[in-house]
Every structure is written in C-alpha cells, then in structure tokens.
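Take a look at the protein below. We will walk through its pockets and the residues around them.

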Amino acid sequence: MRRTTIADFQTMKDEGRRIAMLTVYDYASALIAEQAGVPVILVGDSLGMVMQGRDTTLPVRVEDMIYHARMVRQGSHKALIVVDLPFLSYATEQDAVDAARRVMQEGGGQALKLEGGREIAPVVRRLTEMGVPVMGHLGLTPQSQHQIGLRAQAKQVEAARKLLDDARALEEAGAFGIVLEVIPAELAELVSRTLTIPTIGIGAGPGCDGQVQVWHDVLGLFEGKSPRHAHRFAEIGEQMVGALSHYVRQVEEGSFPTQAQSVSMKSDVLASLKAGE
C-alpha cells in the first residue's frame with residue numbers, strides 16, 4: 001500500500017488527470033474517504049466552524065490542527081495529507097518553521113497549506129528549502145475575512161492581475177500547488193494554464209486541475225442552504241436525523257433492545273442466584 005506523494009500530485013496535472021481533494025477532520029471520516037478512493041485530503045482550519053461550532057477559522061490553534069491531523073493520519077493510509085497552518089502561525093519565517101515542525105512531527109501531515117500571495121513567498125521559500133512541501137491558497141482566504149470579506153475575489157482587472165502575479169510568486173517560491181477559492185472561472189483557468197504546478201479550485205469553475213470540497217457540504221450534513229461553491233452529493237444529515245429519531249422512539253416505547261442485543265444467563269445459574277435471595 002503506497003501513499004500518494006507530491007510527485008504523484010504533479011503527475012496528475014502533467015497527465016491531465018483531474019484531482020479530487022476533500023477536507024477530512026477525524027479517524028472515521030478518513031476511513032470512509034479512503035474507501036471512496038480520495039487521493040488528496042485536506043485537514044482544513046475550517047474545522048473551527050464545522051467541528052468546533054465557531055463563526056470563523058481565526059480561533060483555531062496549531063494544537064487543534066495537530067489533534068485532527070493525527071486522527072486523520074490514523075484512518076488514511078493512501079491519501080496525500082495536507083494540513084492548514086492556522087491564523088498567524090506563520091507570521092514570521094521562524095513562526096512558520098516552528099508550526100511546521102509541530103504539525104508534521106506531531107500531527108503526521110505530509111504537506112502544509114498557507115494563505116496569501118507574494119507577501120508570504122519568503123515564508124514558502126524558507127519552508128520548502130527546509131524540505132517542507134507547501135501548498136498556496138489565493139482568492140477568498142478565510143483567515144483574512146475581516147479584511148477582504150467573505151465574497152468573490154479578483155473580479156476586476158487590477159485584482160485579477162495581482163492574483164496572477166501572486167500565483168507566479170508562490171510557484172517560484174517552491175509551492176507544489178495552489179488552492180483558488182471563489183474567483184472568476186475565467187481567471188482560474190488562466191492561472192491553471194499559466195502555472196506548471198496544479199491548481200485546486202473551490203468556487204473557481206471547472207478550469208482548475210482539481211477541486212476541493214468540505215466534507216459536511218458534500219454529504220449534506222448541515223441544514224440550510226449550502227454555499228454557492230458547494231454541491232450536496234447526498235443528504236446524509238437527513239438520514240442521520242431519521243435514524244436517531246427512530247432509535248429514540250424504540251427506546252421510549254420499549255421495543256429496543258430485544259433479546260438479540262442482550263446477553264443471556266443459564267437457567268441453573270439464574271435459579272441458584274434466586275435461591276440465595
């Protein structure tokens with residue numbers, strides 16, 4: 001059993017094979033993703049919202065990423081595992097080195113993802129020089145949401161030109177791939193054609209080399225309208241609610257458990273027990 005590598009990731013683009021990437025946050029989910037053949041897993045700082053119930057990714061700590069990465073690594077033995085470095089954990093090169101050491105040694109991640117463009121290129125270069133595979137992230141970068149908002153990015157000429165320049169800077173700094181989030185499909189396709197490294201889109205159209213989606217969105221685990229860039233491939237959430245409601249009803253009405261879920265005692269043992277009462 002061989003785990004997907006950075007070289008395999010690049011080969012997928014070179015051979016024109018589309019790359020499916022999925023956020024995964026725990027052992028059980030990693031097992032399912034493995035059975036489904038997901039080649040690349042992202043342990044995303046989106047866990048702050050979907051696993052911790054927070055409003056943003058900003059409170060997520062390095063320790064949180066280590067904890068979840070460790071669980072995913074236990075359940076996945078084939079996928080390339082990329083782990084987000086959380087907010088301000090790579091503010092300086094030394095911060096990034098310290099966080100990278102912990103996430104990779106303690107969490108077991110194979111690669112890291114950092115948000116930002118040209119401004120973080122020196123950090124990307126430093127990490128890659130030290131043997132750390134780094135994936136970039138441009139467009140809607142949730143760690144910067146208080147600055148740029150949660151809306152589509154790079155829709156105008158100057159912003160689009162900057163994103164393209166940022167993508168080139170990340171590639172030159174050694175990034176092995178770049179996530180493009182909620183940018184115009186035409187721009188994402190241009191970036192994908194311009195770069196030699198793979199691009200992974202989310203809300204960036206079909207022109208990227210691959211796509212990433214959030215586990216909970218793909219499976220329809222939460223009620224309400226999904227983000228525009230998400231697609232619910234199933235409504236597992238409804239099925240889970242139905243199953244648990246059924247369980248509650250059977251317990252309340254006394255139809256569960258039955259003898260099939262029980263352990264029996266031999267009649268002579270029971271008789272001796274009662275005789276001694």
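Which residues does Lys113 touch, not counting residues up to four places away in sequence? They are Leu42, Val82, Val83, Asp84, Leu85, Met135, Gly136, His137 and Val179. Touching here is contact, meaning heavy atoms within 4.5 Å.

First, some ground rules. This is a predicted model, in which local features need pLDDT of at least 70 and side-chain atom pairs count only at pLDDT 80 or more, while totals for chains, interfaces and linings use all residues. Residues are numbered from 1 along each chain as its sequence is written, and side-chain values use heavy atoms, with hydrogens and water left out.

Lys113 sits in strand β4 (residues 111-113). Strands (E, at least two residues) and helices (H or I, at least four) are DSSP runs, numbered from the N terminus. Lys113 is buried, at a relative accessible area of 3%. Buried means under 20%, exposed over 50%, and partly exposed in between, with a 1.4 Å probe and protein chains only.

Now meet Asp45. This residue lies in the loop between β2 (40-43) and α3 (47-50). Asp45 is buried too, with a relative accessible area of 4%. Its contacts include Asp84, Glu115 and Gln143.

UniProt, in an unreviewed entry, lists Asp45, Ser46, Asp84 and Lys113 under "binding site". These four span 69 residues in sequence, yet no two of their C-alpha atoms are more than 12.4 Å apart, so they gather at one spot. Asp45, Ser46, Asp84 and Lys113 are also in the lining of the largest pocket. UniProt positions use the numbering used here, feature names are shortened, and annotations may be inferred rather than shown by experiment.

What is a pocket? On a 1 Å grid over the protein atoms alone, where a 1.4 Å probe fits, a pocket is an open set of points with protein on both sides within 12 Å along at least five of seven lines; lining residues have an atom within 4 Å of a point. The largest pocket has a volume of about 990 Å³. Volume is the space filled by probe spheres set on the points, which are joined across faces, edges and corners. Its lining has 46 residues, with Glu181, Ile202, Asp217, Pro227 and His229 nearest the centre.

The second largest pocket has a volume of about 560 Å³. Among the 23 residues lining it, Gly116, Gly117, Glu119, Thr141 and Ser144 are closest to its centre. Helix α8 gives the most to this lining, with 4 residues.
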